Amino acid sequence: MTADATPYVTEDGRQIGGVMMDLRDITLRFGGVEAIKSISFDIREGEIRAIIGPNGAGKSSMLNVISGFYKPQEGEVHFRGKKRPPMRPYQVARQGVARTFQNIALFEGMSVLDNIMTGRMGHIKSNMLAQAIWAGKAQREENENREAVERIIDFLEIQAIRKTPVGRLPYGLKKRVELARALAAEPDLLLLDEPMAGMNVEEKEDMSRFILDVNDEFGTTIALIEHDMGVVMDLSDRVVVMDYGRKIGDGTPDEVRNNQEVIDAYLGVAHD
Amino acid sequence: MSADFLYGIEVVLNGLMAGVLYALVALGFVLIYKASGIFNYAQGVMALFSALTLAGIMSGQVPFAHLINAIFGTDIHYFGWNVPVLAAIILTLVVMVIFAWCVQRFVFRHLVGQEPIILFMATIGLAYFLEGVGDLMWGSDIKTLAVGLPQGGSLWVEDATSGLGGDDFYGFFIDKLDMVATVVAIILVAGLIAFSQYTKQGRAMRAVADDHQAALSVGISLNFIWVLVWSLAGLVALVAGIMWGAKSGVQFSLSLIALKALPVLMLGGFTSIPGAIVGGLIIGVGEKLFEYLIGAPFLGGATENWFAYVLALLFLVFRPQGLFGERIIERV
């Protein structure tokens, strides 16, 4: 499938490995509407992969296919070299794929800390009774998870709001808490659906820095959807461009920038 | 201390204990409402059904005996054995878990994302269905539930307190069963709170209650959580069923105690476990005190039948979210 998947090291010294997720001829239909038309691309270990395209191009649908929220009618998803059977979203999450949502999906009634703790769900192994009575092993486990969560809180600089109910937070901070919850799962693959939508320049810079740091420090593979072309070009190793459910470009930011079809899709083209 | 004052205290104590039983029923409502937004009309019937099942299993009754006899022309009613209390309770719990699974699998799984009123209507259907199944399975005769809970007034309390008043005060009359119910309710509530605060499944339950998409994205299976919640509601129903059944026999009017839980929920709020407890206690004490102080002397008595509902009505007018419920905020 992929022409060249040999590991390499980027200019800034990050390791890019082999193919982690391979999407083959994915087609997704809603009734008669084809949201995704036979799209193939891959995501490689350790890279930041961007999906861009105009509104309604099918980017979010693509992310929903990867995370199991949508089931494609045709095509195969290969994860870590194996074909993935049809899965429910929670099963995909348990395989090490975490995500954020375009419209923020947080537990509004719970504190920031509790929200992030839910991300550790897959890391709690002791049984229900032991947890309820706070028995030795369960307590150790809880403490370890708390430490992991505190590290993420420090990392994303949200110490000050850890006890605040999420419903009271402003938009930008909610986005950050959602990222924190996804990170708490220590995912292999992190999917970000428009992590910077609706943010001002300063917030966007912060978020970009966090995304780069996550990739750099934890080696997390990231696939993200973003509208801001400048941000995408700065952040990503490779870019997939979609338009009307089709893939019209795939390559490094420079390659994509000079692709005529991409330029047409973004700037419009004169029909005569 | 004057005897009148001491009688007043006795009324309050008895009210508190009656309130515990109301709270037990209300608790089942709160559990399901919190986790799935479903107002479960069938909660009272679940209490009835679990009590019927427990009584049936203990006495070795053959389930669906009438049906079997009608079809095969046989005449069997009993297996001829008695099941010990503890084993019977465990078996009943198993039945309630199976019931929870069926409810999720055959009803609510197909109604995900529907309007609350539709879910509510489904639970009404469920209530009548379950009542019918209970009837078919165990027969419609009144059963006694002899699970070995103490009955009658506590002599110990009476003796210990008889010296407080003058000659015409004989000590507090406290029902032993009410005392047991109080202790059981405290243990149950402590257990439920520990479960929802400290366990992964409890946290998952709160998460599901809050946002389905987000819950899925962190690896929580919605179906599993909903079966779990209905099972817990089944457990609470069983405890309530045992207490009420031991008090007044297992009969079909038991399902009506669910109605008493409504004013409790109006007071305590539909989303708060402590609210259900405090609401239950307020209703219990309130109706007993009102009867003692105002109802019996001035209104001709029998105020206990309506006091709770009037109180609930006042709450609906002035504080619709209840004492502890989440505040209703509409953002525009």
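**Entry 1: a helix pair in chain B.** I looked at how two helices of chain B lie, and helix 2 and helix 5 of chain B come out roughly parallel to each other. I am working from a predicted model. The angle between helix 2 (residues 43-58) and helix 5 (residues 116-138) of chain B is about 15 degrees. I noted the crossing of helix 2 and helix 5 of chain B as left-handed.

Next I listed the residues in this contact. Helix 2 of chain B brings Val45(B), Met46(B), Leu48(B), Phe49(B), Leu52(B), Thr53(B) and Gly56(B). Helix 5 of chain B brings Ala127(B), Leu130(B), Glu131(B), Gly134(B) and Trp138(B). By class I have eight nonpolar, three polar and one charged residues in the contact.

**Entry 2: where the chains touch.** I found 20 residues from chain B and 25 residues from chain A in the contact. On the chain B side, helix 7 (176-198), helix 8 (200-210) and helix 9 (212-217) each give two or more residues. Helix 8 of chain B gives the most, with seven residues. I sorted the chain B side into nine nonpolar, six polar and five charged residues.

**Entry 3: chain A overall.** I counted 10 helices and 12 strands in chain A. Its radius of gyration is 19 Å, close to the 19 Å from the globule rule for 272 residues, so chain A is as compact as a globular protein of that length. The C-alpha atoms of chain A fill a box of roughly 70 × 40 × 40 Å along the principal axes. Of its 272 residues, 41% count as buried.

Terms used. Residues are numbered from 1 along each chain as its sequence is written. Chains are lettered from A and ligands numbered from 1 in the order in which they are written. This is a predicted model: local features need pLDDT of at least 70, side-chain atom pairs count only at pLDDT 80 or more; totals for chains, interfaces and linings use all residues. Two residues are in contact if their C-beta atoms, placed from the backbone, lie within 7 Å. Helices (H or I, at least four residues) and strands (E, at least two) are DSSP runs, numbered from the N terminus. Ala, Val, Leu, Ile, Met, Phe, Trp, Tyr, Cys and Pro count as nonpolar, Asp, Glu, Lys and Arg as charged, and the others, Gly among them, as polar. The radius of gyration is taken over C-alpha atoms; the globule rule is 2.2 Å times the number of residues to the power 0.38. A residue is buried if 20 or more other C-beta atoms lie within 10 Å of its own, exposed if 12 or fewer, and partly exposed in between; C-beta atoms are placed from the backbone. Axes are lines fitted to C-alpha atoms, for helices over the stretch in contact, and angles run from 0 to 180 degrees between N-to-C directions. Angles under 35 degrees count as roughly parallel, over 145 as roughly antiparallel, 65 to 115 as roughly perpendicular and the rest as oblique. A crossing is left-handed if the near helix is turned anticlockwise from the far one by less than a right angle, and right-handed if clockwise.
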